[in-house]
Amino acid sequence: MSSKRLQRLVVLGSVGLAPLLAQGQTSAKPAAEIHRYAIEVAGLQVGTMTATRQPQAGTDVLYTLVSDVQVNFLVYHLKVYYKVVNHVRNGQLLLSTVEAHTNQGDFASRTEWKGGHYDILAKQYKHQYHGTETKPITWTMTDLFFAEPVGRTAAYSEYFGDYFGLVSGGRNGFYAHRDGREDEYRYVAGQLTTIIKKNPLKNFIVRRLP
């Protein structure tokens, strides 16, 4: 075999191996942590909820919470779809967006870190708020889906643009309070298994799916 032909085969072989070598050098993206829940009213499933934690480059993490509910009980009708997306870096919230689509209209909330403060704008059903927050937000209501709030006294509500107070309820349970409203979060072995969202008509029960 001539030296020129041998050189040509080596070059072609190197070109063919290049994509494989590049794949080997590219680190795989960490797997997402996903928790799925059923939403029940009076023992009937009326919706679903999905919480996702997806590591990004460096210390960035993207959290997503999606809830989809449709209730039709005689004269009581409710349709609510909302999606929360939180961008976190080094444990601090940088940006949170909330979109809500309901039978009462479409609504949105946004919390954005501006370098020295958060700009907060919440426009939800029967609730509007525009303000600022200088203290870094390191714990949100979405975080409750991924860890027990041990030692925490408050969690930032991306939906309302302010805080829920947190109180330990014993038996690995925590109560979240805001403006006369109370929700209960129950954990088993550090995993959120049940949420009881208290309602004057009927409580909403959020149960972890296998």
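Leaving aside its neighbours within four places in sequence, Val-69 is in contact with Ile-39, Val-46, Gly-47, Leu-78, Lys-79, Val-80 and Phe-204, where contact means heavy atoms within 4.5 Å. This is a predicted model, in which local features need a pLDDT of at least 70 and side-chain atom pairs count only at pLDDT 80 or more, whereas totals for chains, interfaces and linings use all residues. Residues are numbered from 1 along each chain as its sequence is written, and side-chain values use heavy atoms, with hydrogens and water left out.

Val-69 belongs to strand β3, which covers residues 60-73; helices (H or I, at least four residues) and strands (E, at least two) are DSSP runs, numbered from the N terminus. With a relative accessible area of 7%, Val-69 is buried, a term that stands for under 20% relative accessible area, while exposed stands for over 50% and partly exposed for what lies in between (1.4 Å probe, protein chains only). Tyr-82 is 13 residues from Val-69 in sequence, and the C-alpha atoms of the two are 9.0 Å apart in space.

Ile-39, one of the contacts of Val-69, stands opposite Gly-47 in β2, and Gly-47 is itself among the residues that Val-69 contacts. Strand β1 (residues 33-41) and strand β2 (residues 44-55) run antiparallel and are joined by 9 bridges, two strands being counted as paired if DSSP finds at least two bridges between them. The hairpin that β1 and β2 form has 2 residues between the strands, and Ala-42 in the turn has a positive phi of about 55°. On its other pairing, β2 is joined to β3 by 9 bridges, again in an antiparallel arrangement, with Tyr-63 in β3 as the bridge partner of Arg-53. In the hairpin of β2 and β3 there are 4 residues between the strands, and Gly-58 takes a positive phi near 65°. In a regular strand the side chains alternate between the two faces of the sheet.

Within β1 lies Glu-40, which counts as buried because its relative accessible area is 17%. The side chain of Glu-40 is joined to that of Arg-207 by a polar contact of 2.9 Å, that is, a pair of N or O atoms within 3.5 Å, of which, within protein, one must be able to donate a hydrogen and the other to accept it, and for which residues adjacent in sequence count only if both atoms are side-chain atoms. Beyond its neighbours within four places in sequence, Glu-40 is in contact with Gln-45, Val-46, Asn-203, Phe-204, Ile-205 and Arg-207.

What of the charged pairs? The structure holds 9 salt bridges, each a side-chain nitrogen of Lys or Arg within 4 Å of a carboxyl oxygen of Asp or Glu. Side chains of opposite charge can pair when their charged atoms come close. Arg-181 and Asp-183 meet in a salt bridge of 3.4 Å, N to O; Arg-181 is partly exposed at 31% relative accessible area, whereas Asp-183 is buried at 1%. In the salt bridge of Glu-184 with Arg-186, the closest N and O atoms are 3.0 Å apart, and here Glu-184 is buried at 8% while Arg-186 is partly exposed at 34%. Elsewhere, salt bridges that share partners join Arg-110, Glu-112 and Lys-114 into one network.

Arg-181 returns in the largest pocket, whose lining of 38 residues has Val-80, Tyr-159, Phe-160, Arg-181 and Lys-197 nearest the centre. On a 1 Å grid over the protein atoms alone, a pocket is an open set of points where a 1.4 Å probe fits, with protein on both sides within 12 Å along at least five of seven lines, and lining residues have an atom within 4 Å of a point. About 1,300 Å³ of space lies in this largest pocket, the volume being the space filled by probe spheres set on the points, which are joined across faces, edges and corners. At least two lining residues come from each of β3, β4 (76-89), β12 (181-188), β13 (191-197) and β14 (204-208), and β4 gives the most, with 6 residues.

For the chain as a whole, there are 1 helix and 14 strands, and 35% of the 210 residues count as buried.
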